[in-house]
Amino acid sequence: MTEEPAPVASAAFTALGTGVVLAVTDAAALPEARGMLEVHLARVDEACSRFRDDSELVTLNRSGGGAFEVSETLAGALGAALQVAAETAGLVDPTIGRAIRLLGYDRDFARLPQDGPPHPRVLTVAGWRAVGFDAARRRVTVPCGVELDLGATAKAWCADGAAQAIASATGVGTLVSLGGDVAVAGHGPDGGWPIRICDRHDEPEASGGPVVAVEAGGLATSSTTRRRWRRGGEVLHHIVDPAQGRPARSCWRTVTAAAATCVAANAASTAAILLDRAAPGWLGARGLPARLVDQEGAVTTTAGWPHEVVAV
Amino acid sequence: MKHRPRTPASRDAGHARVAHVTLAVAAGGVAGVGLLAGLAASSTHSAANPPATVPAVVPLPSSASPTTGAREVPGTVPATAAPDPAAPVTSPPAATSPAVTDPPVLIQPPTSAPTHEHGRRSVASSGGS
């Protein structure tokens, strides 16, 4: 069967250390949309990067416990991260920064040595309640020794904000995907935005996952199959369990969730990895459609996610 | 206690006073909800709209530091015990300060679940990155 292309115009490029896809329902709006998206990406990179010496986040992490007034961008991203931490009871927690740095993930992943000596063990993660945050005044206090990492939520928060802003300004349906964190806004193509689900965002066809259509909100995938490295012979990955200060051990290798926003979908998919076998119940109780793939490739779905026949 | 028999006129006057007070309380409540909704909308707006320029992180005098543990992330009042992560969350914990409003729950389901697609090429992919 020949696949019909969706009636949209799109652009693909790289930013924030990952692949970016922008799609709009009117080709004439693509240049303006791309310009707006690049501005959003630049602001988030300047504010939230853990790998730029000149970013606000790095300055904050080195503040030694002082109070700082931060930009609206960092305040917005941090506010979202803290709310996600609250609603996941600390499963998705921005205070894992020191743990993930000591595990070896201390630079842009493309420049990370894939092997190295054993890492020091981080016994405790301070937890999101240790962060002082006055949203109205944009004042933040990060206690001495605590480092923030917004990697779990900042891309999704950026995708939501950019998609909404582009759709409002141009009046066209918009899809923004940042490393597989997908936000859609405005009136999309008939039948919704077709999105392929896969283990690896950079090899969508190879993993042979299904294509689903999304009409509104967000879709995100978390996976322990990507951003993996070795230290002392141990295979590590980027989804850190705040309770252990080390990569999560989960029966799920990949979880995709749909939600009202991309931030919510990302929070749900990451929390599901950490919840291990409790994940389907947690997702189902919240009415979150999700697709969970276990380590052997068996698929479990929740809350209206379309059923599929998968060869195991 | 001295108990006086009430006349129809005094009873009507009493009812009118009660109705007036009830109306005033209701109006105050509506105004309060409107104010809180406005604050919430303002907060959401600023979070969703990055500024035109990104100012550098600005250190504040030590006297401006928030009190340890004090935070104004709505609905995130520290608790003595962590909630069960597997338990359903219908709303964040209640705030203790009347000046702090609960934000809408962020982790909400979509308005409609994804559907299977057959015969259309995908526009984007979602996978581990």
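Start with chain B, which has one helix and three strands; helices (H or I, at least four residues) and strands (E, at least two) are DSSP runs, numbered from the N terminus. Followed along the sequence, chain B reads α-β-β-β.

This is a predicted model, in which local features need pLDDT of at least 70, side-chain atom pairs count only at pLDDT 80 or more, and totals for chains, interfaces and linings use all residues. Residues are numbered from 1 along each chain as its sequence is written, while chains are lettered from A and ligands numbered from 1 in the order in which they are written.

Colour chain B by burial: 20% of its 129 residues count as buried. A residue is buried if 20 or more other C-beta atoms lie within 10 Å of its own, exposed if 12 or fewer, and partly exposed in between, with C-beta atoms placed from the backbone.

Next, select residues 174-178 of chain A, strand β6, where five of five residues are buried. Show the side chains: T174(A), V176(A) and L178(A) point one way, and L175(A) and S177(A) the other. In a regular strand the side chains alternate between the two faces of the sheet.

Then select β7(A), residues 181-185, which runs antiparallel to β6(A) and is joined to β6(A) by five bridges. Opposite V176(A) stands A183(A). Finish at the hairpin of β6(A) and β7(A): two residues lie between the strands, and G179(A) takes a positive phi near 60 degrees.

Methods:
Two strands pair if DSSP finds at least two bridges between them.
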